[in-house]
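Here is my note on the model you sent. Please keep the structure open as you read.

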Amino acid sequence: MKKDSIALIGFMATGKTSVGEKLAENLGDGYEFIETDQMIIQDAGKSIPEIFDEDGEIRFRELEIQVCKKASQLHNAVISCGGGVVLNKINIDYLKRNCHIVLLTASKEEIYARAMKDGKEKRPIIDKKDPKAEIEQVLNFRRPFYEAAAEYTVDTEGKKIDTITEQIIKETRIRKIS
């Protein structure tokens, strides 16, 4: 079966949402954009920081597995995955069934600058005393997981969104729907 969806993976603030929205738009009306984190919020009935605070990270990761299974069954979708989706191999195994896995990257300095624009409280992973050190530590830990999962890697730093989306379309050879 030919893959007809794209799953964007990568650390927070690498552009998964903004690139994903534009990518779905560029691929045509037949494509939908979804975010695994939004699916989790909908299923849990609470925000991600609330899930982490009230239920813990383990519960969040359980919900993430359920959502990746659902997302893997979609067709003509661009899926923006939460930054930690690669921590459970089962998530990637599900997604690879029907998705090209594209890793978006940026430098830790760029990630820090982008993440701090959004605010620490929106991102539990950096709601710490030293967010820059936390970014570096978590990014270094996750890098091998990202690299193992990725079929394609696109550096988003200093590039326009249109350039990034065209590169993804070219590399994945995914078909635009008119």
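Predicted model: local features only at pLDDT ≥ 70, side-chain atom pairs only at ≥ 80, totals over all residues.

The points below cover the sheet, one of its strands, a helix and the cysteines.

1. Five strands form an open sheet in the order β2-β3-β1-β4-β5. The pairing is parallel. The edges are β2, residues 32-35, and β5, residues 152-155. Each of these edge strands pairs on one side only. On average, neighbouring strands of this sheet are turned by 25° against each other, direction ignored.

2. Strand β1, covered or open? Look at residues 5-9. Strand β1 is mostly covered, with 5 of its 5 residues buried. Its side chains point two ways. Ser5, Ala7 and Ile9 point one way, while Ile6 and Leu8 point the other way. Both sets are buried.

3. The partners of β1. Which strands does β1 join? One is β4, residues 99-105, which runs parallel to β1 and is joined to it by 5 bridges. Within that pairing, Leu8 has Val102 of β4 as its bridge partner. The other is β3, residues 77-80, also parallel to β1, with 3 bridges between them. Here Ala7 is partnered with Ile79 of β3.

4. Opposite Leu103 stands Thr153 in β5. As background, strands of a sheet pair through backbone hydrogen bonds, either parallel or antiparallel.

5. The helix across the sheet. Helix α5 covers residues 89-96. The helix lies across β1, β3 and β4. Relative to β4, α5 runs at about 125°.

6. Disulfides. How many disulfides does a search of the whole structure find? The count is 0. Cys68 is in no disulfide, and the nearest cysteine sulfur, that of Cys81, is 5.5 Å away. A disulfide here needs the two sulfur atoms within 2.5 Å. Cys68 counts as buried because its relative accessibility is 0%.

7. When checking the cysteines on screen, begin with the Cys68 and Cys81 sulfurs, 5.5 Å apart.

Definitions and conventions: Residues numbered from 1 in each chain as written. Heavy atoms only, no water. Buried < 20%, exposed > 50% of the residue type's maximum accessible area, 1.4 Å probe, protein only. Helix = DSSP H or I, 4+ residues; strand = E, 2+ residues; numbered from the N terminus. Pairing = 2+ DSSP bridges. Axes fitted to C-alpha atoms, helices over the stretch in contact; angles between N-to-C directions. Contact = heavy atoms within 4.5 Å.
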